[in-house]
Protein chains: 4
Amino acid sequence: MAPKTGLWFIGARGSVATTATVGALALTAGLTRRTGCVTDLAEVAAARPPGVADLAIGGHDVAGDSLPKRAEALADGGVFGVELARAVHDGLTRVDARIRHGVASSGPHDGQHTGSEGPDEGTQRDAVERISRDLAGFRAAHALDRVIVVDVATTEPPVDVTPELSDLDALERALAAGESPLPLSSLYAYAAFRAGCPVVAFTPSPGPRLPALGQLAERMGLPWAGSDGKTGETLVKSALAPMFATRALRVRSWASYNLLGGGDGRALADPVTATSKTATKGKGLTEMLGEPVDGPLHIDYVDDLGDWKTAWDMVSFEGFLGTRMSMQFTWQGCDSALAAPLVLDLARLVARAHQVGESGPLGALGFFFKDPAGEGGHDLAGQWRALTEWCGRLGGDR
Amino acid sequence: MAPKTGLWFIGARGSVATTATVGALALTAGLTRRTGCVTDLAEVAAARPPGVADLAIGGHDVAGDSLPKRAEALADGGVFGVELARAVHDGLTRVDARIRHGVASSGPHDGQHTGSEGPDEGTQRDAVERISRDLAGFRAAHALDRVIVVDVATTEPPVDVTPELSDLDALERALAAGESPLPLSSLYAYAAFRAGCPVVAFTPSPGPRLPALGQLAERMGLPWAGSDGKTGETLVKSALAPMFATRALRVRSWASYNLLGGGDGRALADPVTATSKTATKGKGLTEMLGEPVDGPLHIDYVDDLGDWKTAWDMVSFEGFLGTRMSMQFTWQGCDSALAAPLVLDLARLVARAHQVGESGPLGALGFFFKDPAGEGGHDLAGQWRALTEWCGRLGGDR
Amino acid sequence: MAPKTGLWFIGARGSVATTATVGALALTAGLTRRTGCVTDLAEVAAARPPGVADLAIGGHDVAGDSLPKRAEALADGGVFGVELARAVHDGLTRVDARIRHGVASSGPHDGQHTGSEGPDEGTQRDAVERISRDLAGFRAAHALDRVIVVDVATTEPPVDVTPELSDLDALERALAAGESPLPLSSLYAYAAFRAGCPVVAFTPSPGPRLPALGQLAERMGLPWAGSDGKTGETLVKSALAPMFATRALRVRSWASYNLLGGGDGRALADPVTATSKTATKGKGLTEMLGEPVDGPLHIDYVDDLGDWKTAWDMVSFEGFLGTRMSMQFTWQGCDSALAAPLVLDLARLVARAHQVGESGPLGALGFFFKDPAGEGGHDLAGQWRALTEWCGRLGGDR
Amino acid sequence: MAPKTGLWFIGARGSVATTATVGALALTAGLTRRTGCVTDLAEVAAARPPGVADLAIGGHDVAGDSLPKRAEALADGGVFGVELARAVHDGLTRVDARIRHGVASSGPHDGQHTGSEGPDEGTQRDAVERISRDLAGFRAAHALDRVIVVDVATTEPPVDVTPELSDLDALERALAAGESPLPLSSLYAYAAFRAGCPVVAFTPSPGPRLPALGQLAERMGLPWAGSDGKTGETLVKSALAPMFATRALRVRSWASYNLLGGGDGRALADPVTATSKTATKGKGLTEMLGEPVDGPLHIDYVDDLGDWKTAWDMVSFEGFLGTRMSMQFTWQGCDSALAAPLVLDLARLVARAHQVGESGPLGALGFFFKDPAGEGGHDLAGQWRALTEWCGRLGGDR
């Protein structure tokens, strides 16, 4: 029998996790094609990752609606077919039963970014223990070889990196003293690492990217990947910017506008939170073009659009003899449908990396991220090459 | 002193050749930046090609207006600045004096695609001799190490590949018999090879791509490159299509519309000639996406637009769970300004390849072409990698 | 009880008729809003037309699939909700039972544009009698005050206007002699007029627009409206072109590209048929801008797109001191959903016009058409004004 | 001899005024066509306004560069031809000599929005006297029948309407007491009215729109027009929104993004000032669509773009049976070239209104403005009709 891998979502009833769960069930039942699944392309499958059918799904969430209800709502919004949602209804109910109530707040000082208030949650140390217990219980109940924790919860605002967040020992002391130094996403990452679970940071939230967390992963010998899934406008940017660079065309300005609805849109409408997103979206351009480029970057919430995102980019560039030219593109994508298969890809590839003993930030997975952790650039083709070379090596391992 | 390289244009007074000549003069005089010059990027400069200042320019044409007049007209159309055109006026006059009257017609049977009628031109064999004499004269007059012949003349319609065009010996017999089997672009390529000159086919015309011509290049030990410069919409396609492929997204249809004016636009408005262009534009998509893709491809002449081209592409694609999404882009570029630096790049790189003894179709130059001759695919990033690896090797040669 | 109006579709199982029927049933049952129903805006409702609930629907078709099946297919394509299609299933079945087998071919010489072959159909005179009998039967069965015949069948190619088509007496003689001079759409219009029914020509097919037909309508004292419903790109054009004209901006070129799938798309992919459509699409621009304008107009069939149409227009214009500027737009609409409410609007308004005794081409309905019959221009705002003034007058009548 | 009209610019060396002045000189000299001049369309010319050649131009400014220098810079940026700028050089020098140093600051409390500091400017009452003196001097020097004051200066932030700004008597008392209650644009409007001059508010600055100023205009029997010239994206909106409304299509969201450089762009990059612009841009949509519509509106400064503006709008709408559709447009215009002819139009039409004795806000000129003062809506076609009817009446006057 194939080794079993656990996929544990932080935000298990959100749009991305719900779509990924629907997809995993549908793929296992042979009800849909593998479109969008990068891991099933020959060059990536070469890594010999676990199959989608070998994934057991669970997770934490604080929201109320059940997975079957969430799936119905997404089907109504056109993310996938109504029939498909019905066909996997029972599977969704089973996964839903495995979802544990999450930690709603990252501590007494942070009342703002909680979901629905849970019971009194005590110190962060208590929360860590509770999360670790949930993870251990999941692993035991399904006799899993490993559990990959994937953060697809709502984006958090950026944090100031205090001494406790920079150094693992300082962090441990603070936790031991009953303090609550960790942002919520990092609290989950901390608990996951402590429980021996690799982590995937699919949002721009701090998660495992704080220095103290990186040290913890290293100490535990665990691999992790992140951050901020590259699904739409930034994906296109990372395909187009190298075109200008290798053709020696000088980009004079690059304006990026994003319209989106859905839960994620609402969170990003909060300008503080948006900072987190726009920062990771903007980073790559300078690196790919070799110089900073002028131009606004907006993310606007438009309730009407639901899970559908429309992005418009306008690139003004200069060619031979100073001639001014321009290019614009409009991207109309369904964010959850774009993100969900990548989440499955990442869980499978990180599981394989864990199996063969890799640890630390997996730079070879930069292909999937707006703000890649570890070695590697932003250029999509270069990332593809790094990914496939790494997969080739992984496939050669036992 | 640096070795001197000749750059001989077929269509020397056309928009592309004029812009390239203006650019070469301006770069030599330090009046403009190297924007758009791929060969001056470090990874390509590694090949150690001749500098722009080492190029001596001449060519054939059948049109009347002098280079300074043509430059003035292009400056009025916004291709480059009026001041710049004035600053290189004397240099243009000197190049113009080296332009020889070209062959207007490819033979008695082809009255349709001639330019202004020249004097009675006799057989194709006579024409070959005259062209070869012009090339030899140019080389001698400027003490050139080599002359690269670059075809930037008006696009010709496709030809049926008759036995004379498939086999060099059959071709030689036909020419010896006073027949006129060659399309005009191939007549020039034949004469160039006979005169020991490498060839760059920058248009989709048959030129050196007929099998008999390929055999001739091989026999003469000459390198050549082609065909059809990748300057606008197809360039973008070759950057975007791999994005869909490596993300496992299924492209359902890809519609491509091109609006352009100028001389090239007029030629392409002739549906027979357009066949040549649309064929080479369409080819790459199937290769990059791994399956044929539906969708129209039009090139429309709009007098109003002059040298400026607007292209609009609409890509309809399918993601995870069958979700339908789309992307569209608008490209607004100046064709001559995009093509001119590539023409200089190609002349310099082919000269270097000739110097180090390469021969046959240079697949490593596929980066520059819509319909690359030789080994290699259409994916821009892959082409860039092939180009830079080749340049690295060339740089290592003596 | 309100007077009852019959709505008889030519092409009753096509996408437009099916959507209109679904819509009429859904509106009657209070299952949907009146979005898209122009006649329910106060200024138009002023005419006091019959309500949607007062319409009895029937029609001719030659295609096989039943209305409930067609509705299901359209719902799958996203034209309307799956639930809605189910909710009106029984109503659709009832309407479907009233659909009579239509005339498949306009005569022995026209084998090309038939649908599935019907039984031997005899002369056009026989066909006219059969159609008139169907119309009279429908009127009697439902005790209708009047029946409006609406052509939403597949577009026909343009015809040469022969003497029989220019003059009613010549036409009658030809029919009496057993000849088949009429194109199919005009055969239906002839039969409708003969049966005392007003006609709406929603396609660009000749229909009632042949001079001989116009004379017949006049002789019978019947109103008619046409032709070619203005639903998408041409609608936008008729809103934008007057902007350029009243701002004294000179449009230099206007390129129009249309991508569409569905049955209509397939028919228009036939270049001969497309002529009919592109001719009526192009007409208005010259009138609105006061001078002919350069630029291509394409309609391309892309199977993938189904009932969804994407149009891209590029307008290049000149302002003060000759400055060149541009505007482009992309329209992504669902053709059936745009056309269906207009079909209901037209049936209701033409019924009201008939009730108050109007006859001949109803120029006041130009608002709905690409190629308006009767007096009036193409400018959308002017058409709106003409429509609402006419509706005000109609409302004043008994 | 024709009556002479003065055109006095506030911001006489700005891009709009410079382009208008170049245009007036070029038209007078017969060097350019009347493209963009609404007043020369037959329906508007019917008002019998003064000709462009009858305008004497002068103005206030605080900036340093002379008109010929400013014209040269605009020509370099492609707003008009270099040759044209040269051809009117002497005329520009003559106008430049009539430009008086303006008031740089609206009072001691407003240090933020001054231009280059002038000499000590005393109280607002002193400033008013100085401005009035300049206007009277201009009128006398050129024996003008009337002087129209046109504000094309940099946009100011919105103001709180204090009691002094709401009531003329309170305002007079405050000025008499040596206070400085007026924003700069209103200070100019006050001085203009006091000097018997009609005013055109071409920017969104408060200018004549404060209640106290309206009362002054009434008391003086003077006409005025405003505000905020409708030149680009808002112009298109006012042509398109009525299309959705009259077709009963429900607009669900309308996103508007504007990219612009130039001096105006820089001012609008200041978020406080932008408030003024975005407020007037957003107003009309609700009125035209009959309900408030969701969607962001941004104006972003991109230095690279100069006087060229690119706007992208995305309209999401709902049709029959709830079907979701969308439309997007990109507008690429040259702001100064679009505004300049309207400024000449307005000066000529307001002069004619003054001549025939009209007073108060001229609602019939709403066609030209984003935020029309006086009676009338935002719908472009309705505004055109109101304008041309008014012009017809004006033409009938003596």
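Predicted model: local features only at pLDDT ≥ 70, side-chain atom pairs only at ≥ 80, totals over all residues.
Residues are numbered from 1 along each chain as its sequence is written, and chains are lettered from A in the order in which they are written. Local features need pLDDT of at least 70 and side-chain atom pairs count only at pLDDT 80 or more, whereas totals for chains, interfaces and linings use all residues; side-chain values use heavy atoms, with hydrogens and water left out.

Chain C contributes 23 residues to the contact and chain B contributes 24, contact meaning heavy atoms within 4.5 Å. The buried area between the two chains is about 1800 Å², and carbon and sulfur atoms account for 53% of this area. Buried area is here the accessible area (1.4 Å probe) that two parts lose on being put together, summed over both. Of the area that chain C buries against chain B, 31% is supplied by Y257(C), D304(C) and W312(C), more than by any other three residues.

Between chain C and chain B, 4 salt bridges are found (a side-chain nitrogen of Lys or Arg within 4 Å of a carboxyl oxygen of Asp or Glu). D304(C) forms a salt bridge with R252(B), at an N to O distance of 2.4 Å.

On the side of chain C that touches chain B, the elements giving two or more residues are β7 (250-260), β8 (297-301), β9 (308-318) and β10 (324-334) of chain C. Strands are DSSP runs (E, at least two residues), numbered from the N terminus. The largest share, 6 residues, comes from β7(C).

Chain C can be laid on chain B by a turn of 179 degrees and a shift of 0.0 Å along the axis, with an RMSD of 0.0 Å. The superposition is by least squares on the C-alpha atoms of residues with pLDDT of at least 70 in both copies. This is the relation of a two-fold axis. The same surface serves both copies, as 100% of the contact residues of chain C recur in chain B.

In chain B, 7 strands form an open parallel sheet in the order β3-β2-β1-β4-β5-β6-β11, two strands being paired if DSSP finds at least two bridges between them. The edge strands of this sheet are β3 (99-101) and β11 (360-361) of chain B, each pairing on one side only. Strand β6 (residues 223-226) of chain B pairs with β11(B) in the parallel sense over 2 bridges, and P223(B) stands opposite G360(B) in β11(B).

Notes:
Helix = DSSP H or I, 4+ residues; strand = E, 2+ residues; numbered from the N terminus.
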